[in-house]
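Here is a friendly walk through one structure, written for someone who would like to find their way around it. Please keep the viewer open as you read.

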Amino acid sequence: MLQPWLKCVVIKTEDITHSTRRFWIQIPELTSFDFEPGQFVTFDLPIHEQRNKRWRSYSIASAPDGSNIFELVIVLMEDGLGTPHLFNDVTVGSELIVRGPQGKFTMPPVLDKDLFLICTGTGIAPFRSMVHYIDQHQIPHQRIHLVFGCREFKDSLYESELKYLEKSMVNFYHHPCFSRELSVGQGQYSGYVHACYKTIIEAHRSETGILPPAYFYLCGWKNMVDDAKKTLLEIGYDKQAIHLELYG
Ligand SMILES: Cc1cc2nc3c(=O)[nH]c(=O)nc-3n(C[C@H](O)[C@H](O)[C@H](O)COP(=O)(O)OP(=O)(O)OC[C@H]3O[C@@H](n4cnc5c(N)ncnc54)[C@H](O)[C@@H]3O)c2cc1C
């Protein structure tokens with residue numbers, strides 16, 4: 001059953017790159033906004049006369065913390081309708097109409113295999129929520145590889161935070177991949193996300209003779225998600241192991 005539309009308020013914003021902004025949203029009429037890491041919310045934005053053409057969905061980037069506040073990370077699409085409104089007309093104090101949480105892009109109930117979280121750009125949102133949730137709740141897990149892709153260093157999202165978490169969280173590895181940077185630092189990759197996770201998988205296979213048993217979660221825009229799914233199937237993974245969240 002669909003949830004009711006609720007009023008919410010933007011309580012804080014922060015530009016994270018030249019085209020990406022963090023939005024902190026509060027739903028005052030709820031004491032707690034309960035969701036599972038990986039879920040999304042939908043806004044009804046005043047951008048079109050037809051109701052269903054006004055709806056835009058955004059994955060929740062924060063972990064559930066029992067409060068009525070959550071974080072989103074949104075990239076501006078200059079030729080779109082919704083994001084120019086969110087970036088140019090919406091400020092701290094603005095009211096929006098929201099529905100959620102929605103979606104089934106959530107973690108397996110037991111993390112008994114490696115977890116590959118593969119994304120580009122703001123596709124990192126659900127994975128940031130999952131990783132913080134696992135850390136905060138000390139959920140037993142195997143290796144977690146967060147493979148994040150963007151073009152240049154200036155496009156990177158949450159990198160220092162996740163590199164910091166990598167130091168304190170056992171078996172968590174953050175792999176930022178830069179497709180347009182030739183010279184990268186330690187722990188960073190030059191190239192697309194696909195080369196990165198393939199290298200990790202192949203290293204395991206040459207060491208043990210088998211593919212690492214794993215769950216794959218892919219999130220972001222269609223091209224990357226389609227290519228990653230195809231690559232993983234070619235490597236020999238079953239499609240049941242691959243979970244997708246498509247942004248468009
Ligand atoms: C489950 C889910 C979660 C998502 N989570 C996030 C998230 O966390 N962060 C995030 O940044 N995004 C997320 N998205 C994407 C988001 O919902 C929007 O699609 C995105 O913000 C673009 O919205 P927009 O209204 O600005 O662009 P739109 O108006 O929807 O346009 C999108 C693109 O289509 C093109 N376009 C628009 N109208 C036309 C037309 N008539 N003909 C041809 N092309 C056209 C535009 O050039 C634009 O580039 C998510 C999507 C889904 C489904």
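The text below goes from the sheet to the core, the ligand shell and a few backbone details.

This is a predicted model, in which local features need pLDDT of at least 70 and side-chain atom pairs count only at pLDDT 80 or more, while totals for chains, interfaces and linings use all residues. Residues are numbered from 1 along each chain as its sequence is written.

**The sheet**

Let us begin with the strands. Helices (H or I, at least four residues) and strands (E, at least two) are DSSP runs, numbered from the N terminus. Two strands are said to pair if DSSP finds at least two bridges between them. Six strands make up an open sheet with parallel pairing, in the order 10-9-8-7-11-12. Strand 10 (189-190) and strand 12 are its edge strands, each pairing on one side only.

| Strand | Partner | Bridges | Sense |
|---|---|---|---|
| Strand 7 (residues 114-120) | Strand 11 | Six bridges | Parallel |
| Strand 11 | Strand 12 (residues 242-246) | Five bridges | Parallel |
| Strand 8 (residues 144-150) | Strand 9 (residues 172-178) | Seven bridges | Parallel |
| Strand 9 | Strand 10 | Two bridges | Parallel |

Leu117 has Tyr217 of strand 11 as its bridge partner, and Gly220 stands opposite Leu246 in strand 12. From strand 11 the chain passes through helix 5 (residues 222-235) to strand 12, a β-α-β crossover that is right-handed. Right-handed here says that, with the strands pointing away from the viewer, the path from the first strand over the helix to the second runs clockwise.

Around strand 9, Ile144 stands opposite Phe172, and the bridge partner of Phe148 is Pro176. The β-α-β crossover from strand 8 through helix 3 (residues 159-168) to strand 9 is also right-handed. Towards strand 10, Phe178 stands opposite Ser190.

**What is covered, and the core**

How many residues of strand 11 are buried? Seven of the seven residues in strand 11 (residues 214-220) are buried. A residue counts as buried if 20 or more other C-beta atoms lie within 10 Å of its own, as exposed if 12 or fewer do, and as partly exposed in between, with C-beta atoms placed from the backbone. In a regular strand the side chains alternate between the two faces of the sheet. In strand 11 both faces are covered, with Ala214, Phe216, Leu218 and Gly220 buried on one side and Tyr215, Tyr217 and Cys219 on the other. Strand 9 is mostly covered, with five of its seven residues buried.

The largest nonpolar core has 57 residues, and those touching the most other members are Leu72, Leu117, Ile118, Val147 and Phe216. Strand 11 gives the most to this core, with six residues. Both domain 1 (6-102) and domain 2 (114-246) supply at least three residues each to this core. Such a core is a set of buried Ala, Val, Leu, Ile, Met, Phe, Trp, Tyr and Cys residues joined through C-beta atoms within 7 Å. The domain bounds come from an automatic or database domain assignment.

**Around the ligand**

The ligand is surrounded by 21 residues, the closest being Gly80, Leu81, Gly82, Thr83 and Thr122. Strand 4 (55-59), strand 5 (69-75) and helix 1 (82-88) are the elements that give two or more residues to this shell. The shell around the ligand draws at least three residues from each of domain 1 (6-102) and domain 2 (114-246).

**Backbone details**

Most residues other than glycine have a negative phi, and most peptide bonds are trans. The peptide bond from Gly100 to Pro101 is cis, with omega near 0°, and Pro101 lies in strand 6 (residues 95-102).

Tyr158 has a positive phi of about 55° although it is not a glycine. Tyr158 sits in the loop between strand 8 and helix 3 and is buried, because 22 other C-beta atoms lie within 10 Å. Asn171, in the loop between helix 3 and strand 9, has a positive phi near 65°. Asn171 counts as partly exposed because it has 15 C-beta neighbours inside 10 Å.

Conventions:
A residue is near a molecule or strand if its C-beta atom, placed from the backbone, lies within 6 Å of it.
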